[in-house]
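This report describes the arrangement of secondary structure in the model shown below.

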Amino acid sequence: MDEVLNKRDLISEIASRAHIPKVVTSLIINTMIELMVESLSGGKKVRLTSLGSFSTRIKPEHTAIHPATQEPIVVPERKTVKFTPSEVLRNKLQDDLTNWY
C-alpha cells in the first residue's frame, strides 16, 4: 500500500523545516485550505505555481448501469474539482519514474 502524507504529517513537517510552532503551522494550513475551498466554490481557479492548478467543472447528467441490478440509472449533473499538475511536478514525477529502476 502507498504511504499517505496526511494533514497532521504535513503540519509537523512544515513546522519542523520552517522552525515555527505547530499551532502556527496548523493555523496557516487550515486558512489556506479554507481560502482554496472558498475560491473554488466561488468559481475561481486556484494556481500554486510549483504544484498545479485546481479548478471546478460540471459533470453533465448521464446514464449508468447499477452494478447490483444491471438497471439503468440517471446520475445527476454535479460540480467537481479538477487538478492539473504543473510542469515542475510532471517533470519531477517523470524523473522519479526514470530513476526508479
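## Helix pair

Helix α1 (residues 7–18) and α2 have axes that come within 9 Å of each other and cross at roughly 125°. Helices are DSSP runs of H or I with at least four residues, strands are runs of E with at least two, and both are numbered from the N terminus. Axes are lines fitted to C-alpha atoms, for helices over the stretch in contact, with angles from 0 to 180 degrees between N-to-C directions. The two helices α1 and α2 are therefore oblique to each other (under 35 degrees is roughly parallel, over 145 roughly antiparallel, 65 to 115 roughly perpendicular, and the rest oblique).

In α1, Lys7, Leu10, Ile11, Ser12, Ile14 and Ala15 meet Lys22, Thr25, Ser26, Ile29, Asn30 and Ile33 of α2.

## Basis of the model

The model is predicted: local features need pLDDT of at least 70, side-chain atom pairs count only at pLDDT 80 or more, and totals for chains, interfaces and linings use all residues. Residues are numbered from 1 along each chain as its sequence is written, and side-chain values use heavy atoms, with hydrogens and water left out.

## Sheet

An open, antiparallel sheet is formed by three strands in the order β1-β2-β5; strands pair if DSSP finds at least two bridges between them. Because β1 (46–48) and β5 (78–85) stand at the edges with a single partner strand each, one side of each is left without a neighbour in the sheet. On average, neighbouring strands are turned by 25° against each other, direction ignored.

Three antiparallel bridges join β1 to strand β2 (residues 52–59). Arginine 47 has serine 53 in β2 as its bridge partner. Helix α2 (residues 22–41) packs on this sheet and touches β1, β2 and β5, contact meaning heavy atoms within 4.5 Å. The direction of α2 makes about 135° with that of β1.
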